[in-house]
Amino acid sequence: MTVDDFKYHIATMTLSPLSIQPIPYQGSKRALAPRICSLFPDSVPTLYEPFAGSAAVTLFAATHDLADRFVIGDSYTPLIDLWALIIDTPGELSDRYAALWHGQFENPSHFNDVRAEFNESSDPVLLLYLVARCVKNAVRFNRRGHFTQSADKRRTGMKPDRVTRTAHAVSRLLKGRVSLFRGDFRDCVQNAAASDLIYMDPPYQGTTYGTDKRYAAGLERERLIDGLHNFDARGVPYILSYDGQMGEKIYGEPLPDTVDADHLALHAGRSSQATINGRSDETIESLYVSRSLNAGTADIYKSRPVQDRLFA
Ligand SMILES: C[S@@+](CC[C@H](N)C(=O)[O-])C[C@H]1O[C@@H](n2cnc3c(N)ncnc32)[C@H](O)[C@@H]1O
């Protein structure tokens with residue numbers, strides 16, 4: 001199989017439902033990871049994912065040996081603490097999660113109690129339970145950084161045996177070849193070299209401004225652009241997921257031409273919200289890819305550059 005054949009293969013495959021994903025995180029790039037990873041160069045010494053969340057791209061890349069080493073970073077410290085438990089002590093994490101999960105059948109206010117305790121202690125095992133059990137697996141925070149999302153009354157959250165299976169699998173996959181980073185994306189990638197690769201999935205403009213505080217921290221557009229200029233100057237290649245379009249509605253302004261990247265459209269399928277509302281709007285996500293990666297000319301990539309069609 002040639003490299004191009006292999007890239008075509010992963011560009012068109014989908015992940016099985018049994019794939020390893022120990023953190024169920026709304027906004028995960030799990031479904032898009034095969035297509036995003038099809039743009040990787042042939043050899044990547046270190047893949048940086050500084051807005052990791054549930055790190056779907058890192059997990060896909062590691063499963064398919066698309067990089068030698070990995071850096072998982074996020075500014076939300078409890079999430080990186082959770083990654084540390086998954087990788088270093090998956091057994092202890094699984095046991096504690098199982099105890100928490102079973103507790104919900106004995107106490108009607110269990111979720112709210114766990115949430116209050118988490119907002120005091122920032123214990124990462126409690127965070128996993130809250131993320132797994134909350135509405136749409138969608139974390140929400142108030143201005144003080146407290147977790148505010150409610151319990152999903154129709155579901156009981158990820159089953160303990162699934163946590164056990166996925167946490168052990170991820171630990172086996174990443175232990176010894178991953179570093180964790182707590183803090184801002186620019187500090188996370190400080191040591192990235194021109195042979196490395198950065199994949200970024202920051203909070204989108206629509207979730208950073210206004211009242212919808214989706215993550216513990218948003219990211220101002222100017223800081224992101226500043227970071228991209230810095231990576232361009234250092235010659236460090238990157239792939240960035242940022243904003244896009246749902247049906248007729250365009251989210252966020254395109255990044256300026258001073259950013260040295262091709263702007264591609266990634267067809268992400270029908271939005272679940274549109275389906276609920278009886279519409280068939282397609283979600284199209286923007287992908288900015290460093291020009292040095294030649295994504296604009298990659299014929300394995302089915303989508304044409306966005307500026308030709310959508311955001312002209
Ligand atoms: C859209 S989510 C990433 C989802 C991820 N791609 C996945 O597969 O689950 C964005 C993440 O960026 C983090 N974040 C926000 N601002 C940040 C910053 N300045 N530096 C690093 N991480 C940040 C948030 O805590 C959140 O986990």
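The following dialogue goes through a predicted model and the criteria behind its descriptions.

Tutor: Residues are numbered from 1 along each chain as its sequence is written. The model is predicted, so local features need pLDDT of at least 70, side-chain atom pairs count only at pLDDT 80 or more, and totals for chains, interfaces and linings use all residues.

Student: What makes up the protein chain in terms of helices and strands?

Tutor: The protein chain has 13 helices and 8 strands. Helices (H or I, at least four residues) and strands (E, at least two) are DSSP runs, numbered from the N terminus.

Student: Why is Leu127 called buried?

Tutor: A residue is buried if 20 or more other C-beta atoms lie within 10 Å of its own, exposed if 12 or fewer, and partly exposed in between, with C-beta atoms placed from the backbone. Leu127 has 22 C-beta neighbours inside 10 Å, so Leu127 counts as buried. Of the 312 residues of the protein chain, 41% count as buried.

Student: Where does Leu127 lie, and which residues is Leu127 in contact with beyond four places in sequence?

Tutor: Leu127 lies in helix 7. Its contacts beyond four places in sequence are Pro78, Leu79, Leu82 and Phe118.

Student: What makes helix 7 largely enclosed by the rest of the structure?

Tutor: The count is 10 of the 10 residues buried, so helix 7 is largely enclosed by the rest of the structure. Among these buried residues are Pro124, Tyr129 and Arg133. The cover over them includes helix 4, helix 5 (90–103) and helix 6 (110–121).

Student: Why are helix 4 and helix 7 called roughly perpendicular?

Tutor: The axes of helix 4 (residues 77–88) and helix 7 (residues 124–133) come within 8 Å and cross at roughly 100°. Axes are lines fitted to C-alpha atoms, for helices over the stretch in contact, and angles run from 0 to 180 degrees between N-to-C directions. Angles under 35 degrees count as roughly parallel, over 145 as roughly antiparallel, 65 to 115 as roughly perpendicular and the rest as oblique. Helix 4 and helix 7 are therefore roughly perpendicular to each other.

Student: Which residues of helix 4 and helix 7 meet?

Tutor: Pro78, Leu79, Asp81, Leu82 and Leu85 in helix 4 meet Pro124, Val125, Leu127 and Leu128 in helix 7. By class, this contact has 8 nonpolar, no polar and 1 charged residues. Ala, Val, Leu, Ile, Met, Phe, Trp, Tyr, Cys and Pro count as nonpolar, Asp, Glu, Lys and Arg as charged, and the others, Gly among them, as polar.

Student: How do the residues of the shell around the ligand divide by class?

Tutor: They divide into 14 nonpolar, 5 polar and 4 charged. Of the 23 residues around the ligand, Phe51, Gly53, Ser54, Ala56 and Asp201 come nearest. A residue is near a molecule or strand if its C-beta atom, placed from the backbone, lies within 6 Å of it.

Student: Is Asn137 buried or exposed?

Tutor: Asn137 has 21 C-beta neighbours inside 10 Å and so counts as buried. Asn137 is in the loop between helix 7 and helix 8 (160–174), and has a positive phi of about 50° although it is not a glycine.

Student: Why is Asn294 called partly exposed?

Tutor: Asn294 has 13 other C-beta atoms within 10 Å, and is therefore partly exposed. Asn294 is found in the loop between strand 8 (282–290) and helix 13 (306–309). Phi of Asn294 is near 55°, again positive in a residue other than glycine.

Student: What makes Pro256 count as exposed?

Tutor: Pro256 has 10 C-beta neighbours inside 10 Å, so Pro256 counts as exposed. Pro256 sits in the loop between strand 6 (249–251) and strand 7 (261–270).

Note on methods: Contact = placed C-beta atoms within 7 Å.
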